[in-house]
Structure formats: C-alpha cells, structure tokens
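Keep the viewer open as you go.

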Amino acid sequence: MASEKDLIAVIDFGSQYSQLIARRVRECSVYSELFPPTISAKELAKLSPKGIILSGGPNSVYDEDAPKMDPEILNMGIPILGICYGMQLISQQLGGHVEQGQKHEYGRTKIKFESENLLFKNVTNEINVWMSHGDEVKVLPEGFCCLAITENKKLASVCSPEKNIYAVQFHPEVAHTEQGQLIIRNFVFDICKAKPTWSMVTFIQDSISKIKEMVGDQKAICALSGGVDSSAAAVLVHKAIGDNLTCFYVDTGLMRKNENRDIKRIFDEEFHLNVKFIDARERFLSKLEGVSDPERKRKIIGEEFIRTFEDAIKGLGDFDWLVQGTLYPDVIESAVSVGGKAVRIKSHHNVAGLPEDMKFKLLEPFRNLFKDEVRNLALELGLPEEIVYRHPFPGPGLAIRIVGEITREKLRILRDADAIVREEIFNAGLYRDVWQAFAVLLPIKSVGVMGDRRTYSYPIVLRIVSSDDAMTADWARIPYDLLDRIARRIVNEVDEVNRVVYDISSKPPATIEWE
Ligand SMILES: Nc1ncnc2c1ncn2[C@@H]1O[C@H](COP(=O)(O)OP(=O)(O)OP(=O)(O)O)[C@@H](O)[C@H]1O
Ligand SMILES: O=c1[nH]c(=O)c2[nH+]cn([C@@H]3O[C@H](COP(=O)(O)O)[C@@H](O)[C@H]3O)c2[nH]1
Ligand SMILES: NC(=O)CC[C@H](N)C(=O)O
Ligand SMILES: [Mg+2]
C-alpha cells in the first residue's frame with residue numbers, strides 16, 4: 001500500500017483513540033495505517049514510513065504483560081511521536097523512569113511551552129489539552145529536554161532533537177484538545193516532511209486495485225442494507241470485479257415501516273447492480289422468539305444473516321467472499337483492535353456476531369474508516385445524497401430497539417411510532433442536522449387516561465442524537481414544540497402507547513442504541 005504515497009505508521013498499543021490518530025493524519029491528506037506493537041524495525045523499514053506515531057494504551061509500561069516495541073525502531077532515524085503510553089514507553093525503553101503518579105489526570109489541563117519547537121509551531125501558548133493517564137515520566141532519558149509543562153509543573157511534552165523523537169503526555173488526536181490538529185499537522189509536515197498525496201480519490205483507486213488482486217476471478221456476495229456504508233462498498237467492489245458481485249438485501253422482519261419499498265425504489269432508480277431481495281422474516285423472528293438478552297439477540301442475528309446468505313447462493317455457484325460495509329466503530333466496540341485488549345461494549349452483528357464456522361472470506365474496504373469519511377467517499381463515487389446522508393440503521397434493526405423480548409405486536413407498535421419520529425424530524429428540516437432519530441419500546445406498562453378510559457400501556461422513548469462518528473454522541477436539543485408534536489402524534493395514532501419520554505443521555509456513559 002505504501003509504495004508511492006508517503007506513509008505515517010501508527011503503532012497501536014490498544015488505545016480507544018488509535019484509529020482516531022490515523023484519521024487525523026488522513027485529514028492532512030497523508031496516508032496512515034495502524035500496525036501491531038509486534039512489528040519489527042525491519043518490517044517497518046520495508047514500508048519506508050515518513051514518520052511513526054506511538055499510540056496510548058490501557059497498560060502501565062512496568063506491567064509484566066505490557067506491550068513493548070522493538071528497541072531498534074527508536075534508532076531508525078525516522079521521526080517519532082509518542083502519545084501518552086507512547087511517551088512513557090519511549091522514556092522507559094531509552095533508560096528513563098516511569099512510575100505511578102500521585103494523582104490521575106483525566107480531562108482538561110492547561111499547558112505552557114518551555115521552549116520554541118517545530119511541534120508547536122503557530123500553536124498558541126497556554127492551550128487546554130485533554131489528558132487521560134495515571135502514570136508519569138519521572139526521569140527523562142539522556143539527550144531529552146522538556147518542551148511543555150502542565151499547570152502543576154508536570155511534563156506535558158518532551159523531545160530529543162538529536163534522535164528526532166517527540167512525545168506528548170496529552171492526546172492531540174481528540175477533539176477536546178485545542179489546536180490538536182495543528183500539532184499533528186506540524187509533526188506530519190514540518191518534522192516528517194511528508195507530502196500531502198493522499199485523498200479519497202487515491203483511496204478509491206488503491207482499494208480497487210487491491211480488491212482486484214485479492215479477489216481475482218472469484219465471486220463475491222455483498223450484504224447490502226441500503227445504508228451508505230454497504231452501498232458504497234457495493235459500488236466500489238463492483239468497479240473492481242464487475243458482475244462477479246451479487247448483492248443481497250435481507251428483510252429480517254426487523255425492518256422499519258416502508259423500508260423494503262424505499263430501498264427497492266432507490267436501487268431501481270439509482271443503481272445498476274445485481275440486487276436480490278430475500279424475505280427472511282420467518283427465520284429471524286422464529287429464532288428470536290423468547291430471547292431477551294441483548295448479546296444473545298445480536299449473536300443470533302449475526303449468525304442468521306450468514307445462514308441466510310449460505311442458503312441464498314445454493315445453486316448459484318461458488319462464492320468465496322462476503323462484502324460488508326463494516327466501519328471502525330463496529331470493530332472497536334466489538335473489541336477487535338490491532339493491538340488487542342480493547343474492551344467489548346457490544347457485539348456488532350457484522351463483526352463479533354459472525355458464526356465461527358463461516359466459510360466466506362471477509363472483504364470490508366471501510367473497516368478502518370469512520371462514517372463521515374465514508375460519506376465523502378460515497379459522494380466521490382457519485383452515490384445520490386439520499387443514500388449518502390441516510391441515518392445509520394443497525395443490521396439487528398428493531399430487535400435492539402425493543403428492550404427485552406420481541407413480539408409481532410411490539411414490532412407493529414414500534415414501527416408505527418418510529419415512522420412518526422422520522423417523518424416529523426424530516427418535515428422540520430432537521431434530518432441532516434442529527435445523527436440518528438428513532439423510537440425505542442420499553443417492556444413496561446404505565447397507567448394513563450384517554451377520553452374517560454383508563455389505559456395501561458407501553459411508553460415510547462425518543463432517541464435523537466448528534467454525533468460526528470458514533471464514538472461519542474449527545475442528545476439533540478430539539479425544539480420543545482417539535483417534541484410536543486411527536487409525542488402527541490404517537491399517543492394519538494399508535495395503539496397501546498400512552499406515554500412518550502425523551503432520552504437525554506450522552507454517549508458515554510450511555511450508548512446510542514438501547515441494547
Ligand atoms: N438488511 C440487511 N441486508 C443485507 N445486509 C445488511 C442488512 N443490514 C445490515 N447489513 C450488513 O451489515 C453491515 C453493517 O450494517 P448496519 O446497518 O448495522 O450499520 P450501518 O452503519 O447502518 O451500515 P449501512 O450504512 O451499510 O447500513 C452493512 O454494511 C451491511 O453489509
Ligand atoms: O453495523 C452495526 N451493527 C450493529 O450490530 C450495530 N449496533 C449498533 N450499531 C450502530 O452503531 C452506532 C453506535 O451505536 P451504539 O452507540 O449503540 O454502540 C450507531 O449508529 C448504531 O445504530 C450497529 N451497527
Ligand atoms: N492513555 C494512556 O495511554 C494511558 C497510559 C497509562 N496506562 C497511564 O495510565 O498512564
Ligand atoms: Mg444500516
């Protein structure tokens with residue numbers, strides 16, 4: 001991959017933010033990719049990176065099983081930027097000393113520069129940065145000097161001019177660090193002298209040639225949901241292997257109101273791909289009968305997708321590859337990181353929900369990208385805005401929005417309520433402003449009064465959030481009048497609902513979906 005364009009290699013020590021670092025470098029139009037801590041200096045040298053960034057990580061460098069790096073990497077003469085754990089590891093491996101600090105530092109801290117340096121070129125002195133660590137570098141290795149200190153006079157950034165090694169204790173990659181992107185830019189351009197040769201167009205070209213090479217004249221199926229990720233994946237792979245690609249859209253019985261109709265229309269009008277519709281309602285719903293645990297639901301759905309595809313291709317020939325629109329947040333939440341050791345939040349059906357005995361090889365061109373990057377790519381591929389800006393709708397569908405057991409009656413209620421939420425948000429002109437807007441059905445009943453009748457029915461939760469990449473999210477500040485209209489319509493138009501509540505939790509600590 002690294003042949004013609006400049007590469008910044010990120011060594012992933014297990015941080016939740018590792019892929020965010022690569023993404024920030026790509027924002028500078030320079031290619032970046034993650035590598036495991038086990039990569040050797042020799043292997044790295046073959047890729048001729050312009051620079052190396054060492055990520056943060058959950059371990060302490062003095063833990064017995066803490067990931068280390070090949071010490072030769074520090075002698076390659078290639079510029080290095082260590083972030084948090086990366087800074088601690090550089091210090092320790094070069095003979096400095098790291099120990100647990102008196103106090104942990106999480107969140108905002110102010111830093112001040114001690115000397116002029118390229119890393120902080122044009123950065124305002126005294127900026128707020130984001131910290132997330134418990135350990136501290138107490139003794140610097142020989143040849144290192146301090147570039148910045150915190151309000152409490154602790155080391156915030158250090159460097160060895162002679163070795164061309166830089167390090168920061170804070171996280172320049174997160175949005176909360178002021179001018180963090182400028183610091184990354186300075187490293188990439190002023191220190192590494194990388195050239196901005198990467199763009200979505202080059203990504204598309206490279207992906208097409210890589211896919212051609214990998215798949216050859218074998219055949220592939222694409223799990224096509226009609227969302228932006230799988231639609232862009234289908235179009236990209238079709239460019240590479242043409243009619244050896246067959247797309248399948250599955251009606252799981254867990255879809256939203258009019259979903260099949262809308263998707264069929266979009267595919268007919270906009271795509272010239274071979275798309276087959278599979279009615280799998282019975283098999284999904286019968287497998288889910290009586291199941292209320294969220295992780296069980298996700299595993300059942302993940303497996304059922306694969307079984308459905310296996311049945312669908314019978315008689316159509318040999319298909320070796322399964323194309324999915326998997327994105328990076330699906331991967332990290334399912335606890336599959338390059339460096340290992342991230343924690344499982346939920347099993348995304350398309351990652352941790354896949355059955356172990358699956359025969360298909362996975363082809364996931366966007367596995368390292370975030371949704372807004374895929375949206376840009378989809379525009380570049382010429383996909384219509386209606387698909388590009390479609391809200392994400394998870395593969396497990398309404399199954400993870402009916403808390404607890406799924407019944408046909410509950411599916412009917414949720415479908416009707418959800419259609420009202422989406423229609424009202426759309427009519428208010430807010431569809432593009434929010435990340436997702438949907439309804440959730442809770443498995444409890446409460447008392448109400450309608451007309452002169454007592455009711456004892458379900459509550460509907462409105463979940464409307466803003467987000468850039470689904471890694472973090474906040475509840476959307478929707479006008480009261482709109483909330484009022486949605487709530488009144490739901491209670492009046494949907495049988496068996498007598499109460500509507502608004503979910504005002506952010507992510508973290510909540511997640512966007514309820515299961
Ligand atoms: N109904 C479906 N039929 C076929 N494939 C599906 C379906 N739902 C999900 N998938 C597959 O699972 C992947 C993950 O989908 P999911 O809907 O959970 O996330 P998403 O962010 O909404 O992605 P997308 O934009 O592709 O829908 C999709 O990219 C697609 O490959
Ligand atoms: O591909 C997917 N397979 C899944 O199993 C799945 N579960 C959640 N989501 C979507 O991912 C984003 C983050 O969701 P959470 O905050 O609920 O974890 C949100 O956009 C969710 O809609 C899924 N996507
Ligand atoms: N975010 C990090 O990289 C943390 C590094 C280390 N685990 C610490 O607590 O100091
Ligand atoms: Mg989807």
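Predicted model: local features only at pLDDT ≥ 70, side-chain atom pairs only at ≥ 80, totals over all residues.

## Around ligand 3

Start with ligand 3, which has these residues around it: Ser-15, Gly-56, Gly-57, Pro-58, Asn-59, Ser-60, Cys-84, Tyr-85, Ser-132, His-133, Gly-134 and Asp-135. Strand β6 (residues 127-139) gives the largest share of this shell, with four residues.

Sorted by class, the shell around ligand 3 holds eight polar residues, three nonpolar and one charged.

## Around ligand 1

Ligand 1 has 18 residues around it, and those that come nearest are Ala-223, Gly-227, Asp-229, Gly-325 and Gly-395. Two elements to look for here are α6 (228-241) and β11, each of which supplies at least two residues of the shell.

The class make-up around ligand 1 is nine nonpolar, eight polar and one charged.

## From β11 to β12

β11 also takes part in a right-handed β-α-β unit, together with helix α7 (residues 259-270) and β12. Strands β11 (residues 245-251) and β12 (residues 275-279) run parallel and are joined by five bridges. To find the pairing on screen, look for Val-250, which stands opposite Ile-278 in β12.

## A helix pair

Finally, turn to helix α13 (residues 408-427) and helix α14 (residues 480-493), whose axes are 10 Å apart and which pack at an angle of about 150°. Because angles over 145 degrees count as roughly antiparallel, α13 is roughly antiparallel to α14. The crossing of α13 and α14 is right-handed.

Note on methods. Residues numbered from 1 in each chain as written. Chains lettered and ligands numbered in written order. Near = placed C-beta within 6 Å. Nonpolar A, V, L, I, M, F, W, Y, C, P; charged D, E, K, R; others polar. Pairing = 2+ DSSP bridges. Right-handed = clockwise from strand over helix to strand, strands pointing away. Axes fitted to C-alpha atoms, helices over the stretch in contact; angles between N-to-C directions. Parallel < 35°, antiparallel > 145°, perpendicular 65-115°, else oblique. Left-handed = near helix turned anticlockwise from the far one by under 90°.
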